[in-house]
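Have a look at the structure first, then read on.

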Amino acid sequence: MQEIEEQKRYMKEVKKINEGITKKYYILTMGCQLNENDSEKLSGMLEEMGYSKVEEEKEADLVLLNTCCIRENAEDKLFGKLGELKRAKTENGIIIAIGGCMMQQDHMIEKIKKSYSFVDLIFGTHTLHKFPEDLYQVLNEKEKIKDVLDIDGEIYEGLPIKRDSKIKASVTIMNGCNNFCSYCIVPYVRGRERSRNPKDIMEEIVGLAKEGYKEITLLGQNVNSYLRSEKEGLRPKFEEYEGIHSFATLLRKVNEIKGIERIRFISPHPKDFTQDVIEAIRDGEKICKLIHLPLQSGSTNILKKMNRKYSKEQYLKLVENMKKTIPNLTLSTDIIVGFPGETEEDFEDTLDVVRKVKFEQVYMFLYSRRVGTPGDKMEDQIPEEIKHERFNRLKKLVEEQMKESNQKYVGTIQTVLVDGPSKNNKTLLSGRTDSNKVVIFEGPQNCIHQLVKIKIISEHMWYLRGELIEE
């Protein structure tokens, strides 16, 4: 692709500028796994330009902040970090670059230009691929650069990527979202749904398998609508590749790739969870049987206000069908507490769904107003004290269920993919089950990055303790 070849030329030019100098970069990623995947691409480009990664920002010549705008605390985190970096900019002349979703919002860009004028480079989600060119201009022409597109960007293949893990890799299969949930800013900052070419996805995963990667996570704002916009004529169609024409057929093909041992995906939308996808999960021996199925609210009334396109009853019926079709299925979910207009009765509906489904993991969030979304303009915003009180009740229920859920693992034998030493105790190893439970155990170093059998001997709320079964 001509655009990427042009950016590779800029990578070489920046490398020339840095020739003979050890240049270091620090990258802070906020937000979701799509942002993490973008940061891996930015790291790949920076390393091609002669930079090496450091874990402390004070050691860096270039600091890159990859932002998220889903919740208000992300803004607080960004501005706090910029306040810390101002002194380093003054004393050491570091380059400060900000990218990601937040930079697709005009009011945020204006605030940075006004209050944090020392920032060198601002780029959006649709111009990430042009980072080498933008950095070249900052270095060579000493300009401050704003490079943001308001329209939907194209998907560019062939960018270098430096992954954080040697055994687990995230692979983006699509960008953007068409759903316009009334609380969510994503369609406005990531654009409309744009799927990647099936051929490019398969070639990337086959390459990862050859490099020794064992677990793949397929990423998208709404993965189970993969290729839908192309089918509906909203985007140009791809030439069919190996029979892939939907998310279900993609799952089945990835399941056939030798070397890949585990397949995960996030995030699907309940309204698009079709029977062919459910059956593909059932049939795929490598596809993890933990499915993330965002609920957001258990109230049909609130779901309608959220523009989620399903009811409480439809969600529960889908779960019932999934559990009936897929043996050993476990579920995780997202729940927003305190959406505008949420009554006590609405919240009780959410608790009711949690009790009935018995999720393996629940990611709970207080509703956060986002400028530019319909939810921000709604009346009857919920007071913070009520949000917190409800959040605590939900948390209590979830933790009670987790303890009960963890108990069922005790005495069982689980297959665990070993990440490496435990973060809290380097003498122990840590890995995850198919259902994403953290398992801590004693074992030799040659277990690292391998799939091993572990007998679970105890549960500890946030992790399981196990014993290695020698084979």
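**Sheet and helix packing**

Three strands make an open sheet, ordered E7-E10-E11, with parallel pairing. Strands (E, at least two residues) and helices (H or I, at least four) are DSSP runs numbered from the N terminus, and two strands pair if DSSP finds at least two bridges between them. This is a predicted model, where local features need pLDDT of at least 70, side-chain atom pairs count only at pLDDT 80 or more, and totals for chains, interfaces and linings use all residues. Residues are numbered from 1 along each chain as its sequence is written, and side-chain values use heavy atoms, leaving out hydrogens and water.

- Strand E7 (168–172) and E11 are the edge strands, each pairing on one side only.
- E7 and E10 run parallel and are joined by 5 bridges.
- Lys-168 sits opposite Glu-215 in E10.

**Helix H9**
- 7 of the 9 residues of H9 (residues 247–255) are buried, so the rest of the structure largely encloses this helix; buried means under 20% relative accessible area with a 1.4 Å probe, protein chains only.
- Among the buried ones are Phe-247, Leu-250 and Val-254.
- Their cover includes helix H7 (198–210), strand E10 (215–219), strand E11 (262–266) and helix H10 (275–283), with contact meaning heavy atoms within 4.5 Å.

**H2 against H5**
- H2 passes H5 in a right-handed crossing, i.e. the near helix is turned clockwise from the far one by less than a right angle.
- Leu-42, Met-45 and Leu-46 of H2 meet Phe-131, Pro-132 and Leu-135 of H5.

Note on methods: Buried means under 20% relative accessible area, exposed over 50%, partly exposed in between (1.4 Å probe, protein chains only).
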